[in-house]
Amino acid sequence: MSRIPVVLAGARGHGRWHVANIRRLERAGLVRLAGICELTPLTEEEAGGELPEQSADFGTLLDSTGARIAVICTPIPTHTDLALTAARRGVHLLLEKPPAPSYAEFRRMADGVAEAGVACQVGFQSLGSHAVPAIRELVASGAVGEVTGIGGAGAWVRDEAYFRRAPWSGRRRLNGADVIDGALTNPLAHAVATALALGGGTRAEDVAGIETELSHANDIEADDTSCVRVTTARGLRVTVAATLCAERADEPYVLLHGSRGRITFWYKQDRVLLQRGGHGPEEYQYGRTDLLENLVAHLTTGAGLLVPPDETGAFMRVVEAIRRAPDPDRLPDAAWRHVPGESRRVVPGIDGLVAAAADTLSLYSELGAPWAPRTEHPLNEVSTR
């Protein structure tokens, strides 16, 4: 089997991970790094080997390399146009999350990709974890009884330089275009997408209502300390709390609540803890299928895609609700402090609030956080206009 030529758009920042992953699959004989699209060309060291063809013109590079797959890891507002540039050429896609900054842009991308007849995989790597179907099987077997809700918790540490890493970092809009680079929509987007997946609500029509509480301690437009509660069409509550201002960095997780137990999934580690009445705790470790490798298998053997666009529709409803919400509240000076010598801001007590939100399915305001914005009129319907 000949190796599939791949072009990577956006090879710095998080794109470095994609360079290493493409090289890994290259060594396995599955793909060939045919081109890199960057404004400033990479060095051999940055490219992890012999330099492929490079250009700042994505469309021209796709044409000249004969690429069959494009990996897009560029600023959020560029995703839709670049995806459609590839789709119109019959090039299949691995599109980084979030797939778009608004539901309208998401639909433009997804509809255009479908019309072109190309495959598109959205880069929620956690949904490639073998733990996801394993948890679904545990639930189906009645291991924890009836599912009563899903919680998600992400307590991360980011210094102030993180929000200056690119012109769009920490922005809701840039030069009139939506960006929506908040804690829930970008760095901890996996917590939202994974919680929705375990709640059986991945498609746009699975969402009945969304409540948001958005705030920031850092000097940014977007949120760095926020929570969201989704009510699914089946009436299940999915609450995810996130912060980039934690006192201590912790592994993010999703917590499935059942009438007779609970399942905790540390999605970055593919680790699962099952707790239920009459049994001791049971811990499991799972493998994971790489999403680019799955896309290659889809093209070569007909394997099903793990994360096609329509399976991220519910996540994009959350992005849209955050986009349409009032701008995040700036936390009062008394609600946060500087960490000496670390150039970062911490919200005291936030680690416990994040965990409590996942545990009780409550919003920050309901947990008594004095700084939390109040959602006076929760969304009962989710508009996508």
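Student: What is the bridge partner of His 257 in E14?

Tutor: The partner is Arg 262. This is a predicted model, where local features need pLDDT of at least 70, side-chain atom pairs count only at pLDDT 80 or more, and totals for chains, interfaces and linings use all residues. Residues are numbered from 1 along each chain as its sequence is written, and side-chain values use heavy atoms, with hydrogens and water left out.

Student: What makes E13 and E14 a pair?

Tutor: Two strands pair if DSSP finds at least two bridges between them. Strands (E, at least two residues) and helices (H or I, at least four) are DSSP runs, numbered from the N terminus. Strand E13 (residues 253-258) and E14 have five bridges, in the antiparallel sense. Five meets the rule of at least two, so they pair. Two residues lie between them, and they form a hairpin.

Student: How many bridges join E14 to strand E15?

Tutor: Six bridges join E14 to strand E15 (residues 271-276), and the strands run antiparallel. Thr 264 has Leu 273 in E15 as its bridge partner. E14 and E15 also form a hairpin, with four residues between them. In that turn, Asp 270 has a positive phi of about 55 degrees.

Student: Why is E14 called mostly covered?

Tutor: Buried means under 20% relative accessible area, exposed over 50%, partly exposed in between (1.4 Å probe, protein chains only). In strand E14 (residues 261-266), five of the six residues are buried.

Student: Why is Trp 371 called buried?

Tutor: Its relative accessible area is 12%. That is under 20%, so Trp 371 counts as buried. Trp 371 sits in the segment after helix H10 (350-360).

Student: Which residues does Trp 371 touch?

Tutor: Contact means heavy atoms within 4.5 Å. Residues up to four places away in sequence are not counted, and the residues touched include Ser 215, Leu 331, Pro 332 and Tyr 364.

Student: What makes a space a cavity?

Tutor: On a 1 Å grid over the protein atoms alone, a cavity is a set of points where a 1.4 Å probe fits but cannot get out. Two cavities of 30 Å³ or more are counted.

Student: Which helices each supply at least two residues of the largest cavity's lining?

Tutor: Helix H7 (189-198) and helix H9 (313-324) do. Lining residues have an atom within 4 Å of a point. Among them are Phe 124, Leu 127 and Glu 311.

Terms used:
1 Å grid on protein atoms, 1.4 Å probe; cavity = no way out; pocket = protein on both sides within 12 Å on 5 of 7 lines; lining within 4 Å. Points joined across faces, edges and corners; volume = space filled by probe spheres on them.
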